[in-house]
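Subject: Structure handover and notes

Hello,

Here is the structure for your files. My notes on it follow below.

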Amino acid sequence: MTSRRLVLSFVPVLLLILVANAGGQSQAAPARPIVLHAARLLDIKTGRIIMPGEILVQGERIVEVGSAVKRPAGAEVLDLGDRTLLPGLIDAHIHLFLHPGAEDLQTVQESVPQRTITATLAARDDLMAGFTAERDMGTEGAGSADTAVRNAINEGRIPGPRLRISGNAINILGGHEDAIGYNPEQRVLPNANYANSADELVAVMRQQFKEGADFIKIYETGADSIRDGKLTTPYQYTEPQLEAAVKEAARVGRRVAVHATGEPGTLFAAQAGVVSVDHADQLSDETMRLMKEKQIFAVPTFTIFEYFAEHAGTPQQSAHEQQILDLKAQEFKKQVAAGVPMAVGSDVGPFPHGTQAREFVLMVKYGMSPLAVLQADLLNGAKLLGWDGQIGALEAGYLADVIAVPGDPLQDIGVLQSVSLVMKGGVVYKK
């Protein structure tokens with residue numbers, strides 16, 4: 001009882017700390033206009049750098065963008081000096097309810113209230129790193145607690161990115177996210193909800209939508225292994241089962257994303273018409289063709305693979321993770337050449353929140369240009385999250401989600417790891 005009282009009494013204090021750490025900013029957009037001025041501004045759609053760059057913000061939206069904008073009476077001018085203004089970053093694959101450490105143990109040992117506190121801190125850290133919109137790909141056993149986090153952010157009670165949430169992911173009995181390796185008599189719960197047929201998929205999805213999910217996340221493959229230099233991973237759902245899930249989501253205007261690393265699960269997902277194939281370590285020619293034709297996004301998540309390779313428990317595990325990363329890098333080049341639509345997601349959670357801009361560096365390292373990666377993140381990311389025309393570009397009428405970085409990100413994508421200004425919806429959270 002003592003530890004429970006301590007957690008409950010800590011929550012109000014936590015919320016005060018979160019707001020204080022947000023720079024003391026009100027969660028409501030300021031009444032007077034703001035003009036942002038910097039040496040450069042990125043027009044993400046054309047790839048042009050505008051010099052100098054200015055943005056006029058009124059309330060939560062952008063009013064004007066250019067090299068010189070109007071300066072209404074009473075406007076606050078923020079001169080950011082030798083920096084580049086660009087849209088707030090988007091991470092299309094995150095886990096707010098995870099932190100570094102043994103993932104299977106933290107989901108068993110830590111209570112949902114404790115993990116929700118972790119999630120609120122993670123949301124703040126991601127926002128301060130310049131990520132103004134994110135897609136949470138499953139609470140890993142915390143059920144629909146992400147609904148509360150999303151709603152608290154939307155209501156201005158805690159700082160964090162705009163969120164699309166999925167609640168618990170969905171998995172088969174004995175599947176990739178089941179609690180395997182524990183004493184069966186202890187009945188350790190899985191990190192995802194069970195569904196073993198099309199009917200069960202639909203039933204679980206309806207419950208998740210009832211509890212506030214914006215989209216559905218399904219585990220389609222796993223566990224992964226390397227055999228004779230090739231990735232091998234069992235599928236979990238057939239194409240007709242996934243199609244039933246996609247149709248059920250579409251019935252209520254929602255979409256399905258899948259964790260899918262290799263064939264044939266990736267093909268089944270593309271045939272069913274999911275919105276994204278996350279991880280996408282191995283895609284066949286037919287899968288790539290379908291993804292290009294249907295505009296299904298691949299979300300590579302390189303950073304988590306690099307992190308696991310560098311932080312493995314044994315040399316053998318490290319070698320295995322590095323082998324998968326090397327294979328993934330080779331396959332990625334084929335996917336880019338084939339024109340597979342890309343979005344940017346890091347799988348942050350198992351590695352520290354707020355550090356996931358490393359994903360941009362790795363996507364450039366493995367074959368994309370800085371502009372292509374930024375367009376994948378901002379333009380494709382906005383489409384993937386369902387905010388196309390609202391975020392992802394600096395244009396009149398768009399939400400004022402803006403960041404500033406030193407230098408020119410088209411020359412050095414690594415500057416995205418040094419965000420100096422964060423504005424979301426016209427509110428300055430960091431400067």
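Aspartate 228 lies in the loop between β14 (225-227) and β15 (230-232). Helices (H or I, at least four residues) and strands (E, at least two) are DSSP runs, numbered from the N terminus. Before the rest, the basis: this is a predicted model, in which local features need pLDDT of at least 70, side-chain atom pairs count only at pLDDT 80 or more, and totals for chains, interfaces and linings use all residues. Residues are numbered from 1 along each chain as its sequence is written, and side-chain values use heavy atoms, with hydrogens and water left out.

Backbone points

Aspartate 228 has a phi near 55°, which is a positive value in a residue other than glycine. With a relative accessible area of 82%, aspartate 228 is exposed.

Arginine 187 is not a glycine either, and its phi is positive at about 50°. The residue sits in the loop between β11 (169-171) and β12 (192-194). Arginine 187 counts as exposed because its relative accessibility is 63%.

There are also cis peptide bonds to note. One runs from methionine 51 to proline 52, with omega near -15°; proline 52 is in the loop between β3 (48-50) and β4 (53-58). Another cis peptide bond joins glutamate 263 and proline 264, with omega about 0°, and proline 264 is in the loop between β16 (256-260) and α7.

Helix packing

Helix α7 (residues 265-272) packs with helix α6 (residues 239-251) at an angle of about 40°, and their axes are 8 Å apart. That makes α6 oblique to α7. Axes are lines fitted to C-alpha atoms, for helices over the stretch in contact, and angles run from 0 to 180 degrees between N-to-C directions. Angles under 35 degrees count as roughly parallel, over 145 as roughly antiparallel, 65 to 115 as roughly perpendicular, and the rest as oblique.

On the α6 side the contact is made by Glu239, Leu242, Glu243 and Val246, and on the α7 side by Phe268, Ala269, Gln271 and Ala272. Contact here means heavy atoms within 4.5 Å. By type, the residues of the contact of α6 with α7 divide into five nonpolar, one polar and two charged. Ala, Val, Leu, Ile, Met, Phe, Trp, Tyr, Cys and Pro count as nonpolar, Asp, Glu, Lys and Arg as charged, and the others, Gly among them, as polar.

Helix α9 (residues 302-310) and helix α11 (residues 358-365) pack at about 95°, with their axes 8 Å apart. The two are therefore roughly perpendicular to each other. Phe302, Thr303 and Glu306 of α9 meet Arg358, Glu359, Leu362 and Met363 of α11. The residues of the contact of α9 with α11 divide into three nonpolar, one polar and three charged.

Covered helices

Seven of the nine residues of α9 are buried, so α9 is largely enclosed by the rest of the structure. The buried ones are Phe302, Thr303, Ile304, Phe305, Glu306, Tyr307 and Ala309. Their cover includes β17 (276-279), α10 and α11.

Helix α3 (residues 112-128) is mostly covered too, with twelve of its 17 residues buried. Among them are Arg115, Arg124 and Asp126. From its first C-alpha to its last, α3 reaches 24 Å, close to the 24 Å expected at 1.5 Å a residue. The expected span of a helix is 1.5 Å times one less than its number of residues.

Two loop residues

Which residues does proline 341 contact, leaving aside its neighbours within four places in sequence? They are Met291, Lys292, Gln295, Ile296, Phe297 and Ala298. Proline 341 is in the loop between α10 (315-337) and α11, and at 7% relative accessibility it counts as buried. Proline 341 and alanine 404 are 63 residues apart in sequence and 26 Å apart in space, C-alpha to C-alpha.

Aspartate 214 is in the loop between α5 (198-210) and β13 (216-219). Not counting residues up to four places away in sequence, aspartate 214 touches Arg150, Leu163, Arg164, Ile165 and Arg254. Aspartate 214 and glutamate 293 are 79 residues apart along the chain, and their C-alpha atoms are separated by 25 Å.

Regards

How values were computed. Buried means under 20% relative accessible area, exposed over 50%, partly exposed in between (1.4 Å probe, protein chains only).
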